[in-house]
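Here is a brief report on a pocket and the helices around it. Look over the sequence and the model first.

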Amino acid sequence: SPGLGSDVCTFQAVCQKDRGCSIVGWYRMSEGDSAADSIHGKPSAITRLFTKVSQVYQSWLDRSTPFTAVRWVLTLLLIGVYMLRVYLLQGWYIVTYALGIYHLNLFIAFLSPKVDPSLLEDSDDGPSLPTKQNDEFRPFIRRLPEFKFWHSATKGVVIATVCTFFDAFNVPVFWPILVMYFIMLFCITMKRQIKHMVKYRYIPFTHGKRKYKGKEEVGKTFSS
């Protein structure tokens with residue numbers, strides 16, 4: 001009948017319309033998923049740039065590890081440039097004071113053993129420091145290794161130099177008071193560290209290791 005035919009055509013049209021909507025919806029959802037994968041799955045250009053710079057920086061650090069003297073000479077040159085800049089600008093004394101305190105803390109950690117001897121005084125766990133000349137040689141393990149000490153000190157100088165380019169860090173202060181306070185703090189801290197070294201009888205250096213040499217075997221040459 002005409003009514004049935006119109007109903008069937010209407011039903012088919014509705015089915016096609018619904019199917020088309022479902023296809024469009026599925027297509028949009030797939031497109032969104034692919035966009036999300038491109039954001040979270042593949043790193044962006046900025047991320048790749050930072051990764052590349054970090055890899056190059058770490059590579060140069062690894063190459064500079066054996067050259068201890070060269071590294072420290074460069075750091076001292078950076079400190080000299082920074083001090084000259086502060087002297088010429090006549091400012092940023094609070095930044096210089098903070099840099100000095102930071103370097104002092106690094107130096108104390110460099111001189112301190114990794115494990116505090118006072119914590120091992122009543123226990124036999126873990127290696128202890130040699131207290132007698134006849135004791136077995138044990139290398140001094142620092143709380144802050146030399147390379148990390150150098151790296152942190154150099155980064156501190158670079159950051160302090162960058163701060164001198166911003167007037168916000170140029171806090172007005174009477175610099176002789178800061179100098180006197182730093183000298184007092186340095187003397188008190190080093191006195192306490194030396195007392196700690198004397199009390200537990202250790203030296204923060206690994207020099208003086210005994211070298212054992214065997215007897216040289218004198219071989220006889222037999223002529224045939």
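A pocket here is an open set of grid points with protein on both sides within 12 Å along at least five of seven lines. The model is predicted.

**The largest pocket**

The largest pocket holds about 600 Å³ of space. It is lined by 22 residues, and those closest to its centre are Met-83, Thr-96, Tyr-97, Gly-100 and Phe-182. What is the make-up of the lining by nonpolar, polar and charged residues? The lining has 17 nonpolar residues, five polar and no charged.

**Helix α6**

Helix α6 has 26 residues, so at 1.5 Å a residue it should span 38 Å. Its end C-alpha atoms are 38 Å apart, which agrees. Leu-178, Thr-189, Met-190, Gln-193, Met-197 and Tyr-200 are buried in α6. The buried residues of α6 pack against α4. Arg-201 follows α6 and has a positive phi, near 50°.

**Thr-154 in α5**

Thr-154 sits in helix α5. Is Thr-154 buried or exposed? Its relative accessibility is 14%, and the cut-off for buried is under 20%. Thr-154 therefore counts as buried. Leaving aside neighbours within four places in sequence, Thr-154 is in contact with Thr-75 and Leu-78. With Thr-75 there is also a side-chain link: a polar contact of 2.9 Å joins Thr-154 and Thr-75.

Conventions. Residues numbered from 1 in each chain as written. Predicted model: local features only at pLDDT ≥ 70, side-chain atom pairs only at ≥ 80, totals over all residues. Heavy atoms only, no water. 1 Å grid on protein atoms, 1.4 Å probe; cavity = no way out; pocket = protein on both sides within 12 Å on 5 of 7 lines; lining within 4 Å. Points joined across faces, edges and corners; volume = space filled by probe spheres on them. Nonpolar A, V, L, I, M, F, W, Y, C, P; charged D, E, K, R; others polar. Helix = DSSP H or I, 4+ residues; strand = E, 2+ residues; numbered from the N terminus. Expected span 1.5 Å × (residues − 1). Buried < 20%, exposed > 50% of the residue type's maximum accessible area, 1.4 Å probe, protein only. Contact = heavy atoms within 4.5 Å. Polar contact = N/O pair within 3.5 Å; in protein donor to acceptor, adjacent residues only side chain to side chain.
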